[in-house]
Amino acid sequence: MLEKYERSATFRGENSRNQSFSVKPEALFPKYADEREYDFFVELNRDLCDLRDRGLIEIKTINQRVTKVTVKPDQTFWTDELYRLLGRQPKRDILKELSGFLSEEKAFIETRFPFGDLSEALLRYIEAQEERIAKGKLPEYYEEGRSDSRGSNHKPSVVGDMDYRDLWKVFRELQTVTEETYIRNLSIRLFHDSKRLETLAGKVESCLFRYGDYPEKDKVLEECNVIRTPSYVMIKGPVVLSLGAQTLDIGSLTGDIAFSTNSLRSITGIRLMGKTVITVENLTTFHSNDFGEEVALLYLGGYHNATKRVFLKKMHEANPGADYFHFGDIDAGGFYIYEHLRRKTGIPFKTYRMNVATLEQYEQDTKPLTANDRDRIQSLIRKYETGELQNPEKEDIKKTLVRMLETGRKLEQEAVF
């Protein structure tokens, strides 16, 4: 009944009438209606009568059976006494403390890290949660009633949910991660526990994906330079790389070559022997498709983070006259990755085979759009129409996005040969 009250318009101060909150005993305790459970029946009746005599509840009975239990929060002492009885912190106090906590985090971001995608995402999240708190709602990703299980020596925080406190500890640390860092190493650094960050990763990625500008939810941490396994860039085609005094002609190889992000830093020069560069989203496409001898092909290991973007910028600066394309899935994620690549590198990438003609050519291999796909496609269209996304190709891209909505279909890159 207390939880009903905390979810009500009365709690939020939006109800002009006095509400009451009721429950039937058997709804919570099915044994109460079982005639074979006489002892339980007597015990629960005794407890209910005790609460009634203390002025905390009202009860209705028929033939000694309690049919309804009711509370009225307009009683002057009701909430304070019931919170005390349950050993529970009043929700108003929790909301007040959370409001102060988020204000501190907002001030920290605005003072220490006022710019950047991560800061913008967190500030948008805080703004949305301030609105929830004003309406008597707990913030998203906060779980009421969690306790700290790390031992009595750990100093408690006013924010009761251990995951929520640790979530913000992660957010703060991500602002400082400028080099690729393994998730378990970062977890040790933050929590002295190699697996703790993995348990929080879902909330971290969901929150930042929802409120930030990240193309794919499962790539959010990688965008923040936190990786689970070593990350590579794979290259094939007419490219000559200089590594100090050594030169590597990739075009002379029969296949491709992979560089870890650490080894990318040792590359001092990049010379294109052809005029075209294509980045591909999926590994299967990189290996199986024939793009011709004049095309330099790059697989970015699933996603482009800061280290990989430095490599791409270095390539573009050394070869500004080449044409740069991105080949990805014909779906919302594919176009978000493409636009993110353009914005983050400053390279004028164009789309490669991400159009209506390709969608129709491989119609038999398309898959149905999900509700989330539709929402993200519509969001992209709005960004093109409002000018938030500036792209010379925007009209052709919009036609493809609209076509996907009309047909309710999308196409994975692997289907395109």
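Helix H7 covers residues 117-134, and its 18 residues should span 26 Å at 1.5 Å a residue; the C-alpha atoms at its ends are 26 Å apart, which agrees. The expected span is 1.5 Å times one less than the number of residues. Helices (H or I, at least four residues) and strands (E, at least two) are DSSP runs, numbered from the N terminus. The model is predicted: local features need pLDDT of at least 70, side-chain atom pairs count only at pLDDT 80 or more, and totals for chains, interfaces and linings use all residues. Residues are numbered from 1 along each chain as its sequence is written, and side-chain values use heavy atoms, with hydrogens and water left out.

Which residues of H7 are buried? They are Asp117, Leu118, Ser119, Ala121, Leu122, Tyr125, Ile126, Ala128, Gln129 and Ile133. Buried means under 20% relative accessible area, exposed means over 50%, and partly exposed is in between (1.4 Å probe, protein chains only). The cover over these buried residues includes helix H6 (91-112), helix H8 (162-174), helix H10 (196-211) and helix H15 (332-345). Just after H7, Gly136 has a positive phi of about 80°.

Setting aside neighbours within four places in sequence, Glu140 is in contact (heavy atoms within 4.5 Å) with Tyr125, Gln129, Arg132, Tyr164, Arg210 and Tyr211. Glu140 and Lys394 are 254 residues apart along the chain, and their C-alpha atoms are separated by 34 Å.

H15, one of the helices that cover H7, has 14 residues that should span 20 Å at 1.5 Å a residue; its end C-alpha atoms are 20 Å apart, which agrees. Among the buried residues of H15 are Phe335, Tyr336, Glu339, His340 and Arg342.

The next topic is the nonpolar cores. A nonpolar core is a set of buried Ala, Val, Leu, Ile, Met, Phe, Trp, Tyr and Cys residues joined through side-chain atoms within 4.5 Å. The largest one has 55 residues, of which Tyr164, Trp168, Leu174, Val204 and Leu208 touch the most other members. H10 gives the most to this core, with eight residues. Leu208 touches Leu118, Ala121, Leu122, Phe171, Leu174, Tyr214, Val220 and Cys224, when residues up to four places away in sequence are not counted. Apart from this core lies another, of 53 residues, including Val239, Ile250, Val280 and Phe311.

Rolling a probe the size of a water molecule over the atoms shows where empty space is left. On a 1 Å grid over the protein atoms alone, a cavity is a set of points where a 1.4 Å probe fits but cannot get out, while a pocket is an open set with protein on both sides within 12 Å along at least five of seven lines; lining residues have an atom within 4 Å of a point. Grid points are joined across faces, edges and corners, and a volume is the space filled by probe spheres set on the points.

How many cavities of 30 Å³ or more are there? The count is two. The second largest cavity holds about 30 Å³ of space. Its lining is made of Glu105, Phe108, Ile109, Leu122, Trp168, Phe171, Arg172 and Gln175. H6 and H8 are the elements that give two or more residues to this lining.

The largest pocket has a volume of about 470 Å³. Its lining has 20 residues, and Met1, Leu28, Leu48, Leu51 and Val69 lie nearest its centre. Helix H1 (2-6), helix H3 (25-28), helix H4 (38-53), strand S3 (65-71) and helix H5 (78-86) each supply at least two lining residues.

The loop between strand S2 (58-62) and S3 holds Asn63, and Gln64 is also placed between S2 and S3. Asn63 has a positive phi of about 55° although it is not a glycine, and Gln64, also not a glycine, has a positive phi of about 70°. Asn63 counts as exposed at 74% relative accessibility, and Gln64 is exposed with a relative accessible area of 64%.
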